[in-house]
Amino acid sequence: MTVMEQRGAYRPTPPPAWQPRTDPAPLLPDAEPYRVLGTEAAAKADPELLRRLYAELVKGRRYNAQATALTKQGRLAVYPSSTGQEACEVAAALVLEERDWLFPSYRDTLAVVARGVDPVEALTLLRGDWHTGYDPYEHRVAPLSTPLATQLPHAVGLAHAARLKGDDVVALAMVGDGGTSEGDFHEALNFAAVWQAPVVFLVQNNGFAISVPLAKQTVAPSLAHKAVGYGMPGRLVDGNDAAAVHDVLADAVRRARAGGGPTLVEAITYRVDAHTNADDATRYRGDAEVEAWREHDPIALLERELTGRGLLDEAGAETARQDAETMAADLRARMNQDAELDPMDLFTHVYAEPTPQLLEQREQLRAELAAEAESEGARP
Ligand SMILES: Cc1ncc(C[n+]2csc(CCOP(=O)(O)OP(=O)(O)O)c2C)c(N)n1
């Protein structure tokens, strides 16, 4: 048989049948961010929940203003305000059960406080005088994470471990749009999906990573679309609509709790203040953009809904403002007291078993403090 004849007889075998391992259609986010306030869906919203969200939003905004003022008075080293993003902060805290865990980033002090952490303790890290400042186990709130996205694999690990132990726990992890470019974001999403871990990822897309706009961060259709690549649903929500954020997160938490696996929620919002008190936002964005977002203010949106439905009057709004003032006055008074600190605490809670280097450094500090105390005692 000639070579050509042999070739003619060759019948390539078809490859084994291929199918997508997950149907991508139900995972895709909707074309528009989900909204409740000002839509027909608002009629179904629980009035008690709306009132509670409102009180927390008002308190949250006042907290941001007070904490920023404390940086100017030298009582706080730095404060990343979440003004404009309060709806995400508050909804994330309120949607969880006591047994669940919250994994916040440095931007999420309001969520931490709304979950029950003492407002002063929530600022201790930013004052620079202690580690986390609060006991993470007391309210099941992980430390406010400064290294971007590192809180996400932690959340996945905790949720997966809880599931293996048979504990009914959901972890909700918060991250910014910039954080979605980190390797930790991708690794966390992948493991969460492979393990079907009970985790909810809340991305607050506030437009910027410090001065870097989202367009320089990604050309994905939306951040919610990234979920599909990992095989989990992506949801888009109006991040300034507290009722909508609460709804979408509540669905995701329910799904996770029922064994349905993780969800990625992208909340479209805007950081009205600068990145922190140390940033000048006028260097990279115009007033018109900020003003346009002020028109879509989370507190005003909810207030309009509540007053329109007769669920809030001027007296009710005044009570919310007064409660916020009381909280701010207490925060001010307590933050103005000098903290009593033991420098040796620096070494506590770093590792369960301190490393040799840490032990060495601890002894060095102890010796320095003893020498200083001695020289002070010797002074006339
Ligand atoms: C791993 C890591 N890289 C860089 C930084 C420096 N950094 C601090 S905040 C920030 C921008 C993050 O933006 P985004 O994730 O959108 O969150 P936002 O501050 O807007 O809430 C950067 C790059 C960091 N904290 N951690």
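Visitor: Hi! Where is glutamine 204 found?
Guide: Glutamine 204 sits in strand β3, residues 199-205; strands here are DSSP runs of E with at least two residues, and helices are runs of H or I with at least four, numbered from the N terminus. This is a predicted model, where local features need pLDDT of at least 70, side-chain atom pairs count only at pLDDT 80 or more, and totals for chains, interfaces and linings use all residues. Residues are numbered from 1 along each chain as its sequence is written, and side-chain values use heavy atoms, leaving out hydrogens and water.

Visitor: Is glutamine 204 buried or exposed?
Guide: Glutamine 204 is buried, at a relative accessible area of 4% (buried is under 20%, exposed over 50%, partly exposed in between, with a 1.4 Å probe and protein chains only).

Visitor: And what does glutamine 204 touch?
Guide: Leaving aside residues up to four places away in sequence, the residues it touches include Gln85, Cys88, Glu89, Asp108 and Thr269, with contact meaning heavy atoms within 4.5 Å.

Visitor: Switching topic, how do the axes of α2 and α13 cross?
Guide: The axes of helix α2 (residues 47-72) and helix α13 (residues 314-335) come within 9 Å and cross at roughly 30°. Axes are lines fitted to C-alpha atoms, for helices over the stretch in contact, with angles from 0 to 180 degrees between N-to-C directions.

Visitor: Which residues of α2 make that contact?
Guide: On α2 they are Tyr54, Val58, Lys59, Arg62, Tyr63, Gln66 and Leu70.
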